Amino acid sequence: MNAQASADDLILQVEHLSMKFGGLVAIGDLSFQARRGEITALIGPNGAGKTTVFNCITGFYKPTEGMITLNKRDGSTYLLERLPNHEIPARANVARTFQNIRLFSGMTLLENLLVAQHNKLMKASGYTFLGLFGFPSYRQASAESIDLARHWLEKADLVDRADDPAGDLPYGAQRRLEIARAMCTGPELLCLDEPAAGLNPRESAALNELLMDIKNSTSILLIEHDMSVVMQISDHVVVLEYGRKISDGNPQSVRTDPRVIAAYLGVDDEEVETVLTEVGDEDVIEQLDTGPDAAHGPGNSASMMAGPVSDTVEHADEGERVTVSKGASKAAQVDARSASVAGKPAPVAKKAAKVSTAKAAPKKTAAKAAAAKADSASKGKQAAAKPAAGKRGGRK
Amino acid sequence: MAVTVSPERDVVATPVQRAFREALYAGAIALGLFVLFIGLRTDQNISNELILVRRWGLLALVVVLTAVGRFLYVAYAQPFAASLKVADVATGLLPESMATRFFRLPYFIAAIVIAFALLVLAGSLDGLLGPDLAGYARFLRALAIIYAVASVMFYFRSFIHAHFSALGVSALALYPVIVVLTLALYTGSVAGGFQGSLKWVDNFGIQILIYVMLAWGLNIVIGLAGLLDLGYVAFYAVGAYAYALLGTHFGLSFWILLPAAGCMAAFWGVMLGFPVLRLRGDYLAIVTLAFGEIIRLVLINWREVTNGSARISGIPKVSFFGLMSFNVSDPNYIAKVLNIATSSAYYKIFLYYLILGLCLLTAFVTIRLRRLPVGRAWEALREDEIACRSLGINTTTTKLTAFATGAMFGGFAGSFFAARQGFVSPESFVFLESAIVLAIVVLGGMGSLAGIAVAALVMIGGTEALRELDFLKRVFGPDFTPELYRMLLFGMAMVIVMLWKPRGFVGSREPTAFLKERKTVSGSFTKEGHG
Amino acid sequence: MQYFVQQLINGLTLGSIYGLIAIGYTMVYGIIGMINFAHGDIFMVGAFTALIVFLILGALFYSVPVVVALLIMMIVGMLLTSLYNWTIEKVAYRPLRGSFRLAPLITAIGMSIALSNFVQVTQGPRNKPIPPLVSQVYTIDGISVSLKQIIIVLVTAVLLAIFWYLVNRTALGRAQRACEQDRKMAALLGVDVDRTISITFIMGAALAAVAGTLFLMYYGVVVFSDGFVPGVKAFTAAVLGGIGSLPGAVLGGLLIGFIESMWSAYFSIDYKDVAAFSILAIVLIFLPSGILGRPEVEKV
Ligand SMILES: Nc1ncnc2c1ncn2[C@@H]1O[C@H](COP(=O)(O)OP(=O)(O)OP(=O)(O)O)[C@@H](O)[C@H]1O
Ligand SMILES: [Mg+2]
């Protein structure tokens with residue numbers, strides 16, 4: 001995209017990022033950029049590798065390849081893939097939330113927000129020693145930290161529950177608290193992993209407002225399945241499918257991109273097969289028959305009888321899984337199809353028409369449908385969303 | 001073998017029928033369990049061969065008691081406990097609780113009268129009743145006093161609850177004074193008061209406070225940071241040997257060595273911390289356990305330095321901040337300086353206040369730390385390590401500081417222990433000690449200082465009290481040593497308390513900061529850590 | 001070389017016993033995720049049962065063939081020890097299942113203290129020596145192998161085979177593996193979870209009882225506190241091999257056995273336990289989930 005955008009306009013540059021788990025390519029050669037003061041949305045079907053991108057950015061995973069550059073407002077630059085996990089929030093000021101909420105559930109809301117200000121307070125307390133003897137400088141800092149916490153509690157509309165344990169909050173409030181907590185670290189880039197998942201429409205609207213508010217001071221990288229949220233608030237959308245970028249641009253251009261539509265809605269099976277046979281991609285057909293998406297199997301339970309179980313379940317760490325991205329990718333099929341349309345005009349005349357309708361007709365409806373589909377998927381949260389992924393990954 | 005019965009039958013069976021059936025099962029199981037171990041006893045005859053002694057009578061007794069106990073439990077105790085939870089339909093009130101039925105004014109008056117009468121008669125009990133009954137009478141007196149104290153506590157329970165720390169600290173501060181005064185009144189002489197106080201101050205007071213201190217130290221590691229440490233006794237050992245070795249070889253004073261021992265233990269805490277940083281749960285547990293065993297084995301086998309199992313003795317006594325000493329031969333012996341009668345009780349009472357001071361220091365530091373970023377980070381680490389990292393907390397140093405701080409208090413307690421005993425030997429630092437301290441932390445309620453103190457009082461005080469039941473010898477014969485049953489009962493008490501209160505006496509957590517009002521956090525929200 | 005092979009054989013013997021005990025730890029850990037701290041004492045109870053049965057046999061019959069005696073000791077030991085473990089599970093662990101993780105650990109430690117002290121109180125605190133049961137020693141090429149060692153290794157091998165069959169080829173084993181993966185789901189699918197867990201405890205105890213009998217036969221003496229050291233070693237073995245993994249437990253047991261016998265032979269007998277524990281720590285630094293344990297994937 002905007003190659004002419006000056007470097008200080010960009011807060012985050014991801015270049016040629018790949019992440020492999022054994023044989024599974026969770027992210028393959030992904031490059032994108034996020035601009036300062038914008039909301040950049042990262043979307044894609046389940047298992048596309050969105051969370052993995054976040055984990056690479058925030059240092060939970062070390063990427064196999066690639067470079068992640070963060071430019072801070074003060075002009076300093078950090079290569080995130082080189083920083084240790086905890087220094088990314090501390091020094092590069094990148095904060096994040098988690099797809100499955102991770103709060104300190106036995107601590108009160110206020111305490112949660114105070115923990116987020118750890119590094120600042122640690123300095124103020126003279127690495128504990130001054131604080132232990134009750135120096136006034138720490139007391140001052142402590143009062144300020146409580147003020148900051150109160151500020152974010154008010155923004156997140158949680159101030160009435162400040163002294164309740166975080167585990168006691170309803171789901172939507174927990175999501176807001178997690179955002180408030182991330183904001184208390186004073187981030188320049190905030191990474192939100194499905195913040196609207198499981199929220200009701202009212203809560204979702206409130207969340208939009210909160211994000212728009214945050215956007216004034218902090219750039220946001222957002223993973224979201226709820227297309228209404230994405231379309232409403234994001235300035236820039238990056239679409240992933242099977243670890244690859246299939247589209248990148250403003251919300252309008254992305255919603256009409258046939259590859260995106262195909263990735264979300266799917267093309268029907270026969271069509272794929274015919275196209276593939278026409279293209280002669282045996283390899284791809286074979287790969288369509290790979291086993292179920294093991295990510296959703298009982299992957300990580302510590303197993304007692306290591307031997308016998310492992311022959312029924314494939315494990316990512318054993319490196320025997322094949323990447324499914326090539327053949328299963330809907331976007332790739334769309335590409336393949338248009339290629340075949342171009343290459344063999346005669347037999348595909350009929351098909352060409354079909355494709356053109358597929359391209360043209362959905363223009364009005366597709367975005368709506370995609371939104372609806374993604375919506376229903378994210379409503380039922382993961383559980384409901386999985387079958388979709390399963391269908392896509394493991395066609396028999 | 002299953003004891004549980006099918007639900008249909010349960011519906012028809014009355015509690016008594018069910019109890020009868022369960023009692024039979026329990027009896028059968030008890031028979032199986034005990035037939036070899038109680039029914040027979042392996043003994044050595046004169047030619048040192050093992051022979052079996054039959055004890056079928058005892059076996060029968062135990063089996064019948066088990067069955068009867070089970071019967072009573074299922075038939076009466078269970079329905080009773082259930083009924084306590086059901087409110088009366090008419091009044092909407094819960095029935096009287098066990099406690100209100102147990103603590104009643106007439107009983108209280110009766111207890112006071114009995115205690116008073118027996119106290120007045122104290123000197124002449126043996127003469128009046130003979131030694132046998134006098135033993136019982138003293139036991140009865142102890143029970144009456146305990147009951148009276150418990151009733152008073154029950155009556156003022158809300159007051160006590162509200163001012164627990166203040167009351168607790170003042171009670172602890174006054175304890176030796178009260179003991180000495182009471183005994184002085186009882187024996188009629190001040191010297192007698194001091195002499196008699198030895199047992200109460202040393203065996204009960206100091207002993208319990210040492211465990212309180214250890215448990216509070218371990219609480220930092222387990223209760224706050226959620227790191228399961230089964231080798232805590234190693235730091236206790238490091239502290240004890242640091243004082244013992246440096247004190248005997250270089251003659252350094254306790255007041256210099258106390259911080260030194262603490263630092264040394266903290267250093268070992270970090271040494272242990274490094275390899276276990278990446279370990280979680282049970283892996284962490286076994287490595288810490290192994291660490292404790294390694295330290296103990298080195299103490300046993302490195303004879304040139306530690307003197308092995310032969311112990312290091314002659315450890316210097318603590319001085320009164322260098323001003324007065326507690327060695328009779330010294331010119332500044334406390335009795336000479338203050339011009340009072342010689343007694344070994346002064347040292348014990350001084351040690352009591354010393355360990356009390358150390359305990360209060362531990363508590364103070366713990367409470368302060370919890371409100372500082374490190375303390376919060378520890379608790380956050382216990383709740384969710386990944387979230388901690390996402391907030392920029394360096395979990396490595398956070399874990400290491402938890403290990404070091406906990407170890408430091410262990411080291412303090414260790415050097416105090418060495419000073420108190422006057423000798424150290426590896427036998428004092430076995431895994432059992434770690435287990436006891438861990439049990440106290442968990443039984444008290446992880447993270448709660450008050451709960452832990454109460455647990456130490458109950459568990460250590462309770463088992464120490466068993467030593468006092470000498471009159472039982474008259475019942476079970478002279479071979480009977482109640483002390484032997486001490487650890488058996490201790491183990492069973494651990495199980496029973498845990499079953500009764502899985503989260504410990506105090507399951508809730510005090511928040512470290514508040515915006516509007518301080519509300520305790522219910523135990524069901526707090527996590528226990530993975531590491 | 002001969003010396004080395006000799007030590008290897010000693011290590012194998014020792015390792016077999018550790019392995020048998022370690023399986024009990026690892027199975028219980030696998031199925032309910034707790035450290036059954038009392039397992040070492042269960043082993044001690046097994047050894048004591050064998051001792052008492054041996055004495056009964058001696059008192060009842062003039063002479064019994066050694067094989068028969070050993071067999072009876074093992075079988076009675078397995079039965080009674082299983083009863084102990086079953087009861088303990090029912091009384092002390094089951095009510096706490098699914099609650100706070102440390103609670104069952106504490107009851108297990110409590111049970112361990114109670115068990116060893118129970119035996120101390122009822123059987124006395126002294127060492128209990130028995131006359132040697134088997135004393136043949138074969139010497140080949142200067143390497144001496146005692147019949148005791150052969151018996152130990154053989155019995156262990158046979159038991160492991162049976163055990164492997166049970167876990168991998170029967171409905172019971174399937175139920176166990178199901179409970180281990182997801183207890184709730186297994187219950188929903190009709191696996192009797194309580195029963196499966198009980199059986200796991202029984203199986204662990206039975207193996208521990210055999211280990212106890214072999215231990216008694218090998219060393220000829222047992223005392224109430226004997227549960228602790230072998231228990232901790234076996235636990236170490238289970239963790240070293242990767243707790244939760246059955247082959248790991250056996251492998252870990254053998255490793256610990258080898259380390260101990262080699263260290264005593266070549267360095268110092270005093271520090272053999274220190275060596276075993278240090279190696280555990282070192283291995284875990286590099287393989288945080290043991291040798292055969294599955295690394296815990298930290299999914300964020
Ligand atoms: N630690 C890991 N080990 C092995 N495989 C992993 C790991 N983390 C992620 N994966 C795999 O990488 C792929 C991408 O997963 P990821 O969680 O990033 O998807 P996602 O786009 O966030 O999906 P969703 O919408 O369901 O959250 C999946 O196939 C997943 O199984
Ligand atoms: Mg995700």
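Predicted model: local features only at pLDDT ≥ 70, side-chain atom pairs only at ≥ 80, totals over all residues.
Residues are numbered from 1 along each chain as its sequence is written, chains are lettered from A in the order in which they are written, and side-chain values use heavy atoms, without hydrogens or water.

Chain C contains 11 helices and 4 strands (DSSP runs, with helices as H or I of at least four residues and strands as E of at least two, numbered from the N terminus). Its C-alpha atoms occupy a box of roughly 60 × 45 × 35 Å along the principal axes. The radius of gyration of chain C is 19 Å, which agrees with the value near 19 Å for a compact globule of 300 residues (C-alpha atoms; 2.2 Å times the number of residues to the power 0.38).

Of the 300 residues of chain C, 62% are buried (under 20% relative accessible area, 1.4 Å probe, protein chains only). Contacts (heavy atoms within 4.5 Å) between residues at least 6 apart in sequence join residues at least 24 apart in 77% of cases in chain C.

In chain B, strands β1 (residues 40–44) and β2 (residues 50–54) run antiparallel and are joined by 5 bridges (pairing requires at least two DSSP bridges). Within this pair, D43(B) lies opposite I51(B) of β2(B). The two strands form a hairpin with 5 residues between them, and N48(B) in the turn adopts a positive phi of about 60 degrees.

Conventions. Buried < 20%, exposed > 50% of the residue type's maximum accessible area, 1.4 Å probe, protein only.
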